[in-house]
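Trainee: I have not looked at this one before. Can we go through it together?

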Amino acid sequence: MNNYQEHSLDILSTILDSAYEGIVVVNESAEIIHFNDAYSRFTGIKKAEALGQHVTKIIENTRLHNVLESGIPERGSLQIINGQEMIVHRIPIRKDGRVIAVIGMLIFEGVSELYKILEKHQQTDRKSIIHSNNLVIPEEKRKITLEKIIGKSDKIAQTKQLARKAAKTLATVLITGESGTGKELFAQSIHHLSPYCDGPFISVNCAAIPDHLLESELFGYEDGAFTGARKGGKPGKFELAHEGTLFLDEIGDMPLSMQSKILRVLQEKEGIRVGGVKPYRTNTRIITATNKAIEQMVQQGTFREDLYYRLNIIRLHIPPLRERKEDIPLLLSYYIEEICQKYNISTKQLTNKALVQLLSYEWPGNIRELVNIVERMISLVEKKEISASDVSLLFNQTSITLQPSYPMVEKLEIDKQTSTIFLELKAEKKLEEREIITNALKETNGNKAKAARKLGIHRSTLYDKLKQFNL
Ligand SMILES: Nc1ncnc2c1ncn2[C@@H]1O[C@H](COP(=O)(O)OP(=O)(O)O)[C@@H](O)[C@H]1O
Ligand SMILES: [Mg+2]
């Protein structure tokens, strides 16, 4: 190492040590190469002990080695260190396209600080709601939420329209749909378009919280309510979501005992903290979501019927991606662009064949899976163009096989404005085309919209073909 390099490393260490946040840097082998004073103070681990060690040996619940591998930054994640929930950022450093190091940042304004900020924020919100009876929603808020939901298929357009109507009321909304279809995204959009848009949006994943903690999470607890309870108590989600929206995700996983408690809050608009006596008032818009067949659960007696009726005032069903394949090209191009921008690389293109392959896939994980696949494509493919073989390789790694249901496609074009897909068939396959279309119509009992979807083509394209073949 020359003098100049050594000098700049010294400067870097000094800067890192004077930072208020805890900072740790690992090299390509996930060994710690920087460990600043703040990190050392917080963990009680001496710098000399940490340097040169594999990060998993030094830091609890670390994921820096995972980020080294994936190359995907993780911002604002929760990590439990020394028994405390901390907010961390994990940022990969690239050189010539390769990840050469990862920086981990530990933000000391931890979760409890965030709760405090949230509470403060809410109080001002409450005041502003009380002082203005004006429930008009500013135009820019409306735009942000609708832009986030990509898709021009009839199904998604109808769902968005219903969501827009639902948002204007304060009625409960039950969102159903498979995992990864965008239920949370819809819940957020409804909140942002609702009269409570200036209030908080509080999301609780009922399936992720152990049963015995659910009550104190939802309703809060008083000082000394149980051993290990935080001093001064803790507000519950119903309190935090006052004059805002409470989103109860995976409501189908809510134990029966909690179901009756929730029913009571909905009826009385009052909640009581665990260990508390005085009820608090809660005016909250409730949105729930589940990927379970909730009607069946009601029949089987695992979900309370009375609660079901309370939650199901407005029902929003989000169709799976395979039922709206027209949306796939739009989603792909949106996420390719977004992710490339995030990583600061010039945007990549899919070849037509690659797109055909992705269209033929059934997407059991829906849009969440699509986003993951795009992230992986971007981080694994270095070329500007992502080819069909890149796609196959990616899917082989996850041991999913693509259905070669488009063997007859030679050329494919997409009109990005309308998301219409134009397919050109191989000459020798033209004769088969009539048969394929006839079959698709047979399988869907003559339902043209369904047949078009099955074929992955736009309805208008199907109508043209029907005319062409006198069908
Ligand atoms: N229509 C959509 N347009 C753009 N992104 C979407 C859409 N639907 C879902 N997503 C994205 O897919 C992921 C999963 O969505 P999410 O709302 O968490 O699904 P769910 O709650 O149904 O499991 C999120 O990253 C979300 O932003
Ligand atoms: Mg979800």
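Mentor: We will take the sheet, the salt bridges, the ligand and then one arginine.

Trainee: What should I know before reading numbers off it?

Mentor: This is a predicted model, where local features need pLDDT of at least 70, side-chain atom pairs count only at pLDDT 80 or more, and totals for chains, interfaces and linings use all residues. Residues are numbered from 1 along each chain as its sequence is written, chains are lettered from A and ligands numbered from 1 in the order in which they are written, and side-chain values use heavy atoms, with hydrogens and water left out.

Trainee: In what order do the strands of the open sheet come?

Mentor: The order is S7-S10-S13-S6-S14, 5 strands with parallel pairing. Strands here are DSSP runs (E, at least two residues), as are helices (H or I, at least four), numbered from the N terminus. Two strands pair if DSSP finds at least two bridges between them.

Trainee: Which strands sit at the edges?

Mentor: Strand S7 (201-205) and strand S14 (314-317), each pairing on one side only. From one strand to the next, the twist averages 20°.

Trainee: And how many bridges join S6 to S13?

Mentor: There are 4 between S6 (residues 173-176) and S13 (residues 285-290). Within that pair, Val173 stands opposite Ile287 in S13. Helix H8 (residues 154-168) packs on the sheet and touches S6, S13 and S14, with its direction at about 150° to that of S14. Contact means heavy atoms within 4.5 Å; axes are lines fitted to C-alpha atoms, for helices over the stretch in contact, and angles run from 0 to 180 degrees between N-to-C directions.

Trainee: Switching topic: how many salt bridges are there?

Mentor: A search of the whole structure finds 17, a salt bridge being a side-chain nitrogen of Lys or Arg within 4 Å of a carboxyl oxygen of Asp or Glu. In one of them, the closest N and O atoms of Lys237 and Glu217 are 3.5 Å apart. Lys237 is in helix H11 (residues 237-240) and Glu217 in helix H10 (residues 211-219), so the pair ties together parts 20 residues apart in sequence.

Trainee: Are Lys237 and Glu217 buried or exposed?

Mentor: Both are buried. Buried means under 20% relative accessible area, exposed over 50%, partly exposed in between (1.4 Å probe, protein chains only). Glu217, Lys234 and Lys237 are linked in a network of salt bridges.

Trainee: What about Lys292 and Asp253?

Mentor: Their side chains meet in a salt bridge, 3.0 Å from N to O. Lys292 is partly exposed, with a relative accessible area of 34%, and Asp253 is partly exposed at 32%.

Trainee: Which residues are closest to ligand 1?

Mentor: Ile150, Gly180, Lys183, Tyr335 and Arg368 are the closest of the 15 residues that surround ligand 1, counting a residue if one of its heavy atoms lies within 4 Å. A backbone N or O atom of Ile150 is 2.9 Å from a nitrogen atom of ligand 1. A polar backbone atom of Gly180 is 2.7 Å from an oxygen atom of the ligand.

Trainee: Last one: where is Arg98, and what does Arg98 touch?

Mentor: Arg98 is in strand S5 (residues 98-107). Not counting residues up to four places away in sequence, Arg98 touches Glu28 and Ile93. Arg98 is partly exposed, with a relative accessible area of 48%. Arg98 and Glu382 are 284 residues apart in sequence and 9.9 Å apart in space, C-alpha to C-alpha.

Methods:
A polar contact is a pair of N or O atoms within 3.5 Å; within protein, one must be able to donate a hydrogen and the other to accept it, and residues adjacent in sequence count only if both atoms are side-chain atoms.
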